[in-house]
Amino acid sequence: MYKRQQELVESQRPVIEAHGNRITFDTAAAPETIVVDPLRLRQVILNLIGNANKFTRNGEIRVECDRSADATQVEFRVIDTGIGIAETDLERIFEEFQTVDSSYGRMAEGTGLGLAISRRLVRTMGGEIGVDSEPGEGSLFWIRLPMGRPGQATGAPAPDTRAGRTATA
């Protein structure tokens, strides 16, 4: 898992640094493998990193991953030092065509679909996605997924087996 996360973070480094931001990652406590659709997981994490970069200037973005204490779930976190999100908007941002603020949205364009799609993808993998944020302090987006093993029932839908997508992440 470390190698995949490192490659993902490194692929985003040029655009992140172009905004004056730094990106780090910590997967020291991450499980070696989890049973998920790696393409869906990559899409969600890329969206979260992209949003963090969009709403952060001259700050820091951290990508973290670790397992729950009971080893039944894995949690991914994307943490930024950006503009943050008001408490009243925390649930709304996961709805289709929703953006944080129209005035800021003019500077940071988007359709307002990324988080809605991310929520669907995470739910398809049997997990949940959420956010903790304070305006002016930044945001912490998290993804919690069941940490199944090949052949083990996790309560989650089976990974997509089309086009060889049965690999563990």
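Colleague: Helices are DSSP runs of H or I with at least four residues, numbered from the N terminus. Going by that, which helix does Leu46 lie in?

Modeller: Leu46 is in helix H2. Bear in mind that this is a predicted model.

Colleague: What does Leu46 touch?

Modeller: Leaving out residues up to four places away in sequence, Leu46 touches Leu8 and Gln12.

Colleague: Which residues is Arg42 in contact with?

Modeller: Leu8 and Ser11, once neighbours within four places in sequence are set aside. Arg42 and Arg4 are 38 residues apart along the chain, and their C-alpha atoms are separated by 9.0 Å.

Colleague: Let me step back. How many helices and strands are there in the protein chain?

Modeller: The chain has 4 helices and 5 strands. Starting at the N terminus, the elements run α-β-α-β-β-α-α-β-β.

Colleague: What share of the residues is buried?

Modeller: Of the 169 residues in the protein chain, 43% are buried. As for contacts with a separation of 6 or more, 69% of them come from residues 24 or more positions apart.

Colleague: Back to H2. At what angle do H2 and H4 pack?

Modeller: About 150°, with the axes 9 Å apart. H2 covers residues 38–54 and H4 covers residues 114–124. Angles over 145 degrees count as roughly antiparallel, so that is what H2 and H4 are to each other. Their crossing is left-handed.

Colleague: Which residues of H2 and H4 meet?

Modeller: From H2, they are Arg40, Gln43, Val44, Asn47, Leu48 and Asn51. From H4, they are Gly114, Leu115, Ile117, Ser118, Leu121, Val122 and Thr124. By class, that contact has 6 nonpolar, 6 polar and 1 charged residues.

Colleague: Ser118 is on that list. Is Ser118 buried or exposed?

Modeller: Buried: Ser118 has 2% relative accessibility. Not counting residues up to four places away in sequence, Ser118 touches Val44, Asn47 and Ile129.

Colleague: Which other residues are buried in H4?

Modeller: Besides Ser118, Leu115, Ala116, Arg119, Leu121 and Val122 are buried there. The buried residues of H4 pack against H2, strand S4 (128–134) and strand S5 (138–146). Just after H4, Gly126 has a positive phi of about 85°.

Colleague: Changing topic. How many aromatic pairs does the count come to?

Modeller: The count comes to 1 aromatic pair. Phe94 and Phe141 form it, 6.3 Å centre to centre with 65° between the planes, and the pair is edge-to-face.

Colleague: Where are Phe94 and Phe141 in the chain?

Modeller: Phe94 is in the loop between S3 and helix H3 (102–105), and Phe141 is in strand S5. The two are 47 residues apart, and the pair links distant parts of the chain.

Colleague: Are Phe94 and Phe141 buried or exposed?

Modeller: Both are buried. S5, which holds Phe141, is also one of the elements that the buried residues of H4 pack against.

Definitions and conventions: Residues numbered from 1 in each chain as written. Predicted model: local features only at pLDDT ≥ 70, side-chain atom pairs only at ≥ 80, totals over all residues. Heavy atoms only, no water. Axes fitted to C-alpha atoms, helices over the stretch in contact; angles between N-to-C directions. Parallel < 35°, antiparallel > 145°, perpendicular 65-115°, else oblique. Left-handed = near helix turned anticlockwise from the far one by under 90°. Contact = heavy atoms within 4.5 Å. Nonpolar A, V, L, I, M, F, W, Y, C, P; charged D, E, K, R; others polar. Buried < 20%, exposed > 50% of the residue type's maximum accessible area, 1.4 Å probe, protein only. Phe/Tyr/Trp six-rings, centres within 6.5 Å; stacked < 30°, edge-to-face > 60°.
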